[in-house]
Amino acid sequence: MSAQPSQDFKLEAVVIPVSDVERAKRFYKSLGWRSDADFSAEGNFRVVQMTPPGSPCSVHFGSGVTSAQPGSAQGLYLIVSDIEAARAELIARGVAASEIFHRLGPGQPAKPGLHPQRASYSSFATFSDPDGNAWLLQEITSRLPGRVDPDVARFTSTSELTSALQRAAAAHGEHEKRTPGEKPDEWPKWYAAYMLAEQTGKPLPT
């Protein structure tokens, strides 16, 4: 058995091949992605770095960055906490996002609409950039065990935190029905425990 890594290996950037750097930059900027860098050098070299809202990983594109065919990047995952809201925002920004679809399990055929139980990892939508590089939105609200650091959780945007609070509030409402008489000052601790468990793949409080 191999030893545990002694260093962090953080995925920093993914390269996507584009044919027109300025067009790609305008497109991703229109999505609200942060423009981090735009460097040029001799030999027709240019690299642009942009980052999706709330993402620790960025994308690189430019000239002389990759020999891959423009549009050949497929299945690039963007994780969202509310796929309906995320798709609506893309459409409002002029993006031709697909209808939402779901799968009942890994490898199962795609079916129209949201997953019936709104299960994490199960609802999707797609869109492409002007070159045809394909992005897949996937709704995740509760992580499976072992997929994240069990002691670390973070919320990277107000919308993500709002969605988490709304889910915690709904779950706490069901909890109150089962446990009448709970002290009002106990709910913040319950919310915190629920939200942390949801992000780190631990059993949810009931």
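Predicted model: local features only at pLDDT ≥ 70, side-chain atom pairs only at ≥ 80, totals over all residues.
Strand S3 covers residues 45-51 and runs antiparallel to S4, with five bridges joining them. Strands here are DSSP runs of E with at least two residues, helices are runs of H or I with at least four, and both are numbered from the N terminus. Two strands count as paired if DSSP finds at least two bridges between them.

Together S3 and S4 make a hairpin, with six residues between the two strands. In the turn sits glycine 54, whose phi is positive, about 80°.

## The whole sheet

On to the other pairing of S4: strand S1 (residues 13-15) and S4 (residues 58-63) pair in the parallel sense over three bridges. Here valine 15 stands opposite histidine 60.

The open sheet has four strands in the order S1-S4-S3-S2, with mixed pairing. S1 and strand S2 (34-41) are at the edges with a single partner strand each, so one side of each has no neighbour in the sheet. On average, neighbouring strands are turned by 25° against each other, direction ignored.

## The helix on the sheet

Helix H1 (residues 21-30) packs on the sheet and touches S2, S3 and S4 (contact means heavy atoms within 4.5 Å). The direction of H1 makes about 10° with that of S3; axes are lines fitted to C-alpha atoms, for helices over the stretch in contact, and angles run from 0 to 180 degrees between N-to-C directions.

## Reading notes

Residues are numbered from 1 along each chain as its sequence is written, and side-chain values use heavy atoms, leaving out hydrogens and water. Local features need pLDDT of at least 70 and side-chain atom pairs count only at pLDDT 80 or more, while totals for chains, interfaces and linings use all residues.
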